[in-house]
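Reader: Hi! Could you walk me through the interfaces in this model?

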Amino acid sequence: MPSIRDIVGYVETNDWAFTQGHRLCPGCNAPMVANWATLAAKSLGYEPVVGAATGCLEVSSTIYPFTSWNVPYIHNAFENVAATISGAESAYRSLLNRGKIKNDKIKFIAFAGDGGTYDIGLQSLSGAIERGHDFVYILYDNEGYMNTGNQRSGSTPIGADSTTEPVGKAISGKLQLKKSIVDIIAGHEGVYAATAVTSEPWDFIRKMQSALEFKGPAFISILAPCVRFWRIPDDSGPEVTKLAVETKYWPLWEYNMGVYKVTKKPKIFKPVKDYVTKLGRYNKLMKRPDANEILEELQNYVDAKWDRLLALEEITKDKPIRTKI
Amino acid sequence: MPVKLTVTGAAAVAHAMRQINPDVVAAYPITPQTPIVEYYAGFVSDGIVDTVMVPVESEHSAMSAVVGSAASGARTMTATAANGLALMSEIVYIAASYRLPIVMPIVNRALSGPINIHCDHSDAMMVRDSGWIQFFTENHQEAYDFTIMATKLAEKENVLLPVMVNLDGFITSHGVESFEMLDDEVVREFVGSWNPKYSLLNTKNPVTFGPLDLFDYYFEHHRQQEEAMKNAYKELPGVFEEFEKISGRRYDFLDLYKVDDADYIMIVMNSTASTAKYVVDQLREEGHKVGLVKPQVFTPFPKKQFQQVLNGRKGVVVLDRAMSFGKEAPLYSLVKSSLYEVASRPSLGSYIYGLGGRDTTPEMIREAFEDALQGNLSTDEQRYLGLRE
């Protein structure tokens, strides 16, 4: 794993892969994700080639004729970054085989938000993982369609207020729990998959290294708040995600070819209500008479998921279901 | 030495691809395109070519992967038909706007709905404004030849546009007939190697592909695509000439059959032209001055060539294998608008034929010609061949 010294050393002597001039909102957590991922790759000696799905990160960093990307970058459409990178990675293998290029340091990194991953892009992502392309897919999960103005996605949590499922007099906003995307990815089996948060950069960077070194598809889902639509102060993204971990809302774990590992085990957990009530997007829910019922449902769910994770870690220890892709 | 092969049209196209040996082929199976990629997968599996094959999970991903691959500087091909092309269509536009020289055989098939797997041209017409060059081919020989020429044209530095090579579903793709296959080395030398100026894999000179292109530049970029299309139009005669040198076969924007002294001309694309040529011969024997024009290049539309050949004729009938609901049929409307500027406009008739694979017989073709011969054409009336009213 790159040390803090490696990374500081790198940025002192090199251009950042994702550099200044982007127009993401103050307090947005997406640029941290882009920076940490590309810095981890660069400081380990890899040469990242980046793909991005349509979304905030893409529209704010590549406004023609400007670009914030100091590394090769491709955006194609909303739902197809995994397929686009499949093609680039296949081209890379072909051109290396044929001796047309010599550079063997290239690593493909795809960035997408939750809309382009949980929903419209799930097929393209599943296909690319099943085919075993060697790439790292990074989902910056802000739990909704923030680029188009806070609409609900398959990642939006229960009870959250969004413009397409607002908390109203009759309906309490999003009625469903969010999709468990990392489990879906883990279901492909021949894959490295992990969760991360913006409050734990070193956990993310270590997982990034595992993902880069994994010979095949790797996936990291990082909880990255949108301060605008989560209705939280600009400087509180990491603080909020720290609470997400401490309340079991967002456990930190990884999956490697069938083996589960929980990477952070807080000794004492806070109630999930502490996390939820920090976010302005729950204000309307809290005024409803059924708020406590919904919070209780969420608490039961996160407790059960945590217990399940610990059990999976125990029974899969040293028992990979595959050894190669 | 060139050899005669008696195979399906799909195999003929697959052989052209084998000789080109692209770096990457990404495709999804769809009737009636499937045999092309099946043949190609066989060549890969047997080690006859060293292409990296990407058997994707949908046509949308096929075109997406093809964009990623072509942007990486790899010579890249795919093939599709009908609903596959419809699913791809979002990315079909993007591929053209990124100026990626992709070659894609389209095995023409009716576009749902209702679902139908047989031949018509509604799929190709759906994407006629997507910025791709579009060739149409009558038979195996042409499908093979144009696949090779497409690669040459697409990669011209002043063109850099993707190309569709259309061949008729089942009729050409599954029908067995002979074609002449060039030597592998001859094709390889003709298409040469592909070294693009910009590549996603060049980490020393990083390039951003597909940025956000707002009102301050988008318009200009579309104008550049139009310029590239004009360049394709200018480059095509040279490509035809070079191809003639290696094959002895002379192609042009329009294939002209017995038009020199013809008073009445039929315009039809792809395999139906063969039936129409047979009917032209019959009518000629009966003393009628008739001829046939088969457009080989549909986009860029060879307007000037149409004007030259149609000016001063008595009657022209245009056969479309696709409808444009609420508007004039696609080929007809373009031919008609071309004639606005000619000195002596012929009378015109629009005929829809063969939708969903409906057989088109010599009698039907004759019916359209007879309308022309009897002076019974109406510029504003859409007629149907072989339709039960």
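Predicted model: local features only at pLDDT ≥ 70, side-chain atom pairs only at ≥ 80, totals over all residues.

Reader: Great. Which domains does chain B have?

Author: Domain 1 covers 3-247 and domain 2 covers 254-385, with bounds from an automatic or database domain assignment. Their centres, taken over C-alpha atoms, are 28 Å apart.

Reader: And how many residues does each domain put into the contact?

Author: Domain 1 of chain B gives 28 residues and domain 2 of chain B gives 27, with contact meaning heavy atoms within 4.5 Å. About 2100 Å² is buried between the two domains, 54% of it from carbon and sulfur atoms; buried area is the accessible area (1.4 Å probe) that two parts lose on being put together, summed over both.

Reader: Which three residues lead on the domain 1 side?

Author: Phe136(B), Glu138(B) and Tyr233(B), which supply 32% of the area that domain 1 of chain B buries there. Glu138(B) also makes a salt bridge with Lys294(B), at 2.5 Å from N to O. The two domains share four salt bridges (a side-chain nitrogen of Lys or Arg within 4 Å of a carboxyl oxygen of Asp or Glu).

Reader: Nice. Switching topic: what do chain B and chain A bury between them?

Author: About 3200 Å², with 59% on carbon and sulfur atoms. In chain B, Leu200(B), Leu201(B) and Leu212(B) lose the most area to chain A, together 19% of what that side buries.

Reader: How many salt bridges there?

Author: Four across the interface of chain B and chain A. Asp50(B) forms a salt bridge with Arg98(A), with the closest N and O atoms 2.6 Å apart.

Reader: Which helix of chain B gives the largest share of that side?

Author: That is α3(B), with eight residues; helices here are DSSP runs (H or I, at least four residues), strands are E runs of at least two, and both are numbered from the N terminus.

Reader: Last one: which strand of chain A pairs with β9(B)?

Author: Strand β2 (residues 73-75) of chain A, in the parallel sense over two bridges; pairing requires DSSP to find at least two bridges between the strands. Ile74(A) stands opposite Phe209(B) in β9(B).

Definitions and conventions:
Residues numbered from 1 in each chain as written. Chains lettered and ligands numbered in written order. Heavy atoms only, no water.
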